[in-house]
Amino acid sequence: MLKAVIFDIDGTLYDYDAAHARAFAALTDYACDAFGLTPARFEELHHEADMLLRQRAGVNCAAIHNRLLRYQVILELTGQPVGFAPTLERLYWDTLLLWMKPNSGLHEAFDFIKSKGLILGIGTNMTADWQYVKLEKLGVLHQVDFMVTSEETSAEKPDPRLFELCTEKAKCPPSECAFVGDSLKGDALGAKAAGMRPIWLHDGAVTTVDFPTIPSLEALPDLLAKEC
Ligand SMILES: [Mg+2]
């Protein structure tokens, strides 16, 4: 019997790649203008800062997604005042939020889950602050029963600690939790290893997996209807 449905956010509830491309372009334009960099050099610096942050913070924690830290490191690398870091961060997120659109079927899927009295949770690799803002902008925050972020667990999917906290908050055994996400390794295989029921959001060719896949969230209500 299905009791809870837990969702990844980025790439699952909205098209992260499309919104990120817009945000990164705006950030690149600003940085090149303000600091006299070429777009190629800015991209290099971004990568370099990402690697440095991973060395300093470790790879299995939400700090590696913290753009304020990443932009601070870029400014340090270029000898610019770190006071620009919040401006860069806000520019990135404001632009991403502007272009972020709910994936088709999102609202219908969330409405279906609530109508069936199922618990609706979030399990995401990221700091909590911006994930709340994204859910609010997507218009679904009021429907979310619980949140688990890798900031809270100090562990990133597919680390079992994040999935364990999801089941603890859902207050039901993992076998009664479905986990919906677009990452095969992080979401589907991680949820499966934790004893949950994975649902892989994947619109490409599927090779051999022994759990359900859906090409879009539009297909989710029908699939869940069979399970509850
Ligand atoms: Mg994702």
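1. A crossover is called right-handed if, with the strands pointing away from the viewer, the path from the first strand over the helix to the second runs clockwise. Strand S4 (residues 177-181), helix H9 (residues 184-193) and strand S5 make a β-α-β unit of this right-handed kind. Helices (H or I, at least four residues) and strands (E, at least two) are DSSP runs, numbered from the N terminus.

2. On provenance: this is a predicted model, in which local features need pLDDT of at least 70 and side-chain atom pairs count only at pLDDT 80 or more, while totals for chains, interfaces and linings use all residues. Residues are numbered from 1 along each chain as its sequence is written.

3. Overall composition. The protein chain has 10 helices and 6 strands. Its radius of gyration, taken over C-alpha atoms, is 19 Å, close to the 17 Å that the globule rule gives for 228 residues, so the chain is as compact as a globular protein of that length. The globule rule is 2.2 Å times the number of residues to the power 0.38. Along the principal axes, the C-alpha trace spans about 60 × 35 × 30 Å.

4. Burial and contacts. A residue is buried if 20 or more other C-beta atoms lie within 10 Å of its own, exposed if 12 or fewer, and partly exposed in between, with C-beta atoms placed from the backbone. By this criterion, buried residues make up 36% of the 228 residues. Two residues are in contact if their C-beta atoms, placed from the backbone, lie within 7 Å. Of the contacts with a separation of 6 or more, 62% are accounted for by residues 24 or more positions apart.

5. The sheet. Two strands pair if DSSP finds at least two bridges between them. The 6 strands form an open sheet in the order S3-S2-S1-S4-S5-S6, with parallel pairing. S3 and S6 are the edge strands, each pairing on one side only. Strand S1 (residues 4-7) pairs with S4 in the parallel sense over 4 bridges, and Phe7 stands opposite Val180 in S4.

6. Strand S5 (residues 197-201). S4 and S5 pair in the parallel sense over 4 bridges, with Val180 opposite Ile199 in S5. S5 and strand S6 (residues 213-214) run parallel and are joined by 2 bridges; here Trp200 stands opposite Thr213. S5 is mostly covered, with 5 of its 5 residues buried. Arg197, Ile199 and Leu201 point one way from the strand, and Pro198 and Trp200 point the other way.

7. Helix H1 (residues 16-35). H1 has 20 residues and reaches 27 Å from its first C-alpha to its last, close to the 28 Å expected at 1.5 Å a residue; the expected span is 1.5 Å times one less than the number of residues. Ala23, Leu27 and Ala31 are buried in H1. Seen down the helix axis, the buried residues of H1 fall within an arc of 70 degrees, so they line one face. The arc is that of the directions from the helix axis to the C-beta atoms. Helix H2 (39-57) and helix H4 (85-99) are among what covers these buried residues. The face turned away from the buried side carries the exposed residues Asp17, Ala25 and Asp33. Just after H1, Gly36 takes a positive phi of about 65 degrees.

8. Helix H6 (residues 128-138). Gln131, Lys134 and Leu135 are buried in H6. Seen down the axis of H6, its buried residues fall within an arc of 95 degrees, so they line one face of the helix. Their cover includes strand S2 (119-124) and strand S3 (146-149).

9. Arg70. This residue is in helix H3 (residues 67-78). Arg70 counts as buried because it has 22 C-beta neighbours inside 10 Å. Not counting residues up to four places away in sequence, Arg70 touches Ala49, Asp50 and Leu53. The C-alpha atoms of Arg70 and Leu106 are separated by 31 Å, and the two residues are 36 apart along the chain.

10. Leu217. The loop between S6 and helix H10 (220-227) holds Leu217. Leu217 counts as buried because 22 C-beta neighbours lie inside 10 Å. Leaving aside neighbours within four places in sequence, Leu217 is in contact with Asn103, Ser104, Gly105, Leu106 and Ala109. Between the C-alpha atoms of Leu217 and Thr78, 139 residues apart along the chain, the separation is 43 Å.
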